[in-house]
Each structure stands twice: as structure tokens, then as C-alpha cells.
Amino acid sequence: MNTETPFEQFLNQHDEEAWSAALATLLRSIHEVDRHATQIWFAFYPLPLFRALQQSDDPEKLAQQLLLQGDYELKDQIDTSHAFLYGHRFWPQVKKAVEQYADSFDETPGESLADVVLTVARLVAGELKKDESLLIGITAIAFMTIQQAGLAAFKAAPGTVAIDRKLAKKSPEQVLRERARDDSQGLLGFLKTVDKQWTVTWDESDARAKYRLRDGQDLAWGAASDQTRDWRAIDPRRIEGPIPVECRSASCGTCWVGVLGGAEKLADVGAREGKKIKEFGYIDTAEPKPLIRLACQAKSHGAVSIVIPPWNGQFGKYLRALNKDEAASTHEQSEPDRRADEAVN
Ligand code: FES
């Protein structure tokens, strides 16, 4: 018996392609402060990976085969996965509005996913007397969270804000100014060539979450010198510094990060980083300075603000193989598990 609500049925009609089209439409209306953050969030929680795990006969085995480590399931972080968005500060109101909308949802023929997101974002914007551009990204995220976690789990989450009140009072312009700021190199800084230093902010909601690196160092190299906390106790993947690393040679995929501000100050993606980041499954683009990078490869030439995902894995090859031949899913062995075997072996 199908126990999905009409809203869940509506969401589940949308695959990765449909979501990409909706996001492309919505991005034009999303405030600059959350334009990158929204794209990063959708890269951090890919729908095809969720669906592959959901359809697998043995999701745990598949997760092991795809080397998934950390918190990759949205159902375990309904209130927190988006704490790096400016719109997160409106989460309690967005969550409530989405729940009410979901409960009374009646699909209107011809209404697209983007239309529905905009409708709810407008409702919340009106209620809060805020610009709707600040609510669109976080509303789209609420929809995807329901698609992956289910409406019941979504409703069961407390709906709290995970950043402190003082920070929540910053204006979008203030956040953008802080992201754009470069470190002063002193009075004669313009003469410096080799010893310029840059600040990397790795959590905008924590005033202490910064480390310094020298010009031309990669993001992971600089992070390793940060000995301010017991990193392993916070996240076992963090063997040194705030960014999880293993190989430092673009082989493991552990160190992926999103770049909220300053992507243009990172050196272009090199051939190896570009090839491996696609194989891992994190992003598929030919852009020289994308929003998702491997920290062990991305050399910095200025201050940047990054966000560190709570998990990592290697699933790109597997999802591509799955995509190529969905018709073979009637094989005796379940398709997701067979493809996992192929991708891994
Ligand atoms: S540390 Fe392994 S890919 Fe960067």
C-alpha cells in the first residue's frame, strides 16, 4: 500500500534532471548571499545517491562499497545540514510553512516544482516581511529534505536554528562584505611575493573557525597546521585540522569542500583534480573554478570562505554505470548491488 502523501508523491516525480531544471530557474531569484550556498548544498546531498541507497537490497553494504564515511543521510540532519545558508536563520518559519503547505497540497496541473517553491517562499517572506530572495534557497532545501527524509521525519524534527543569535542578526550585505575581504599584507604588502598570508574561514557561524595559509598553499595544507581543537573527537575523519584528509593526492575523495566565497581566488582546477572529482561523484563540470573543490589540490591566492561537508565517498563511477543501463534492473541480482560490485571491482 502506498503511504506517501500527495506532496511526497509530487516531489518523488522529480529526478535529478528535474531538480537541476528547477534550480536553474530558481537561482536567478536567489539572493547573492545564498546563490553559491544553495548550489553547494544540493551538491552535498545528491538525489541520485540517495535513490541508489534507497533502492538497494542492502544499503549498508552499498554504502561500504562506495566508501561512504560520516553523516551522508539527510534524515539525521534535518535541522542542521543547511546551517551555512543565510536563509537558515528563517528555518523555523520555513519548516512550519512547508509542513502546512504539504498537508493541504493539491497538485495544480501545469505548476512546476520551481513554481511551488516560489509560492511557499513568498508566503514566508510576506509573514516575516523579508525579501523573498532570502527565502527561496532554504525553501528548495526544505523540499529536497522531505523528498529524502520523508514528511513524517521532517515534521518530527524540532525546527531549531543552529547558529547563535548575534550572528543571525548580520545583514546579507555584511556577510557578503566579510566574504569579499582579503587580508591586509601590511604597509608594503604590495611588494611581497612569496610570504603573503591568507585567512581561510571554514565555518562562518563560528568566529574561531579560521586558519591561515601561505600564498599558493593548498587548502588542506593550511588546515593541518590548525592545532586549536581535538579534531578527531569532533569527527573521526579529521585526522589533523578541520578538513578531513587521507591521501593528499586526489586519490581518496575525503577532502572535498564547498567554496562559499573567493572561488575566483583559488587556482584553476588541474587535470587530476578535475578528473578525480568527477569520478568521486561530487561535481561534473568543466568550469575552471567550480564551487566544489578537493582541498588537497586547491591552491589559494587570497582569503576564502569554505564549508566542509559532514561525509565523503566515491560514487560517481557507480552512478554513471547505473544510469547507462537502468533497463537491466530486472536481472536476478538487484541492479544497484550488481553495479556496485562492477564499479568497485
Ligand atoms: S586528501 Fe585524498 S583527495 Fe584530498
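Start by selecting residues 113–128, which form helix H7. From its first C-alpha to its last, this 16-residue helix reaches 23 Å, close to the 22 Å expected at 1.5 Å a residue. Bear in mind as you look that this is a predicted model.

Next, show the side chains of H7. Which of its residues are buried? Leu113, Ala114, Val116, Val117, Leu118, Val120, Ala121, Val124 and Ala125 are. Keep them coloured, and bring up what surrounds them: the buried residues of H7 pack against helix H1 (6–12), helix H2 (16–27), helix H6 (91–103) and helix H8 (136–149).

Now step off the end of the helix. H7 is followed by Lys129, which sits in the loop between H7 and H8. Check its backbone here: the phi of Lys129 is near 55°, a positive value in a residue other than glycine. Is Lys129 buried or exposed? Its relative accessibility is 74%, which is over the 50% cut-off, so Lys129 counts as exposed.

For the last stop, select Leu67. Where is it? Look in the loop between helix H5 (59–65) and strand S1 (69–70). Leu67 is not a glycine, yet its phi is positive, about 55°. Because its relative accessibility is 45%, Leu67 counts as partly exposed; that class lies between the 20% and 50% cut-offs.

To finish, display Leu67 and Lys129 together: Leu67 is partly exposed, while Lys129 is exposed.

How values were computed
Residues numbered from 1 in each chain as written. Predicted model: local features only at pLDDT ≥ 70, side-chain atom pairs only at ≥ 80, totals over all residues. Heavy atoms only, no water. Helix = DSSP H or I, 4+ residues; strand = E, 2+ residues; numbered from the N terminus. Expected span 1.5 Å × (residues − 1). Buried < 20%, exposed > 50% of the residue type's maximum accessible area, 1.4 Å probe, protein only. Contact = heavy atoms within 4.5 Å.
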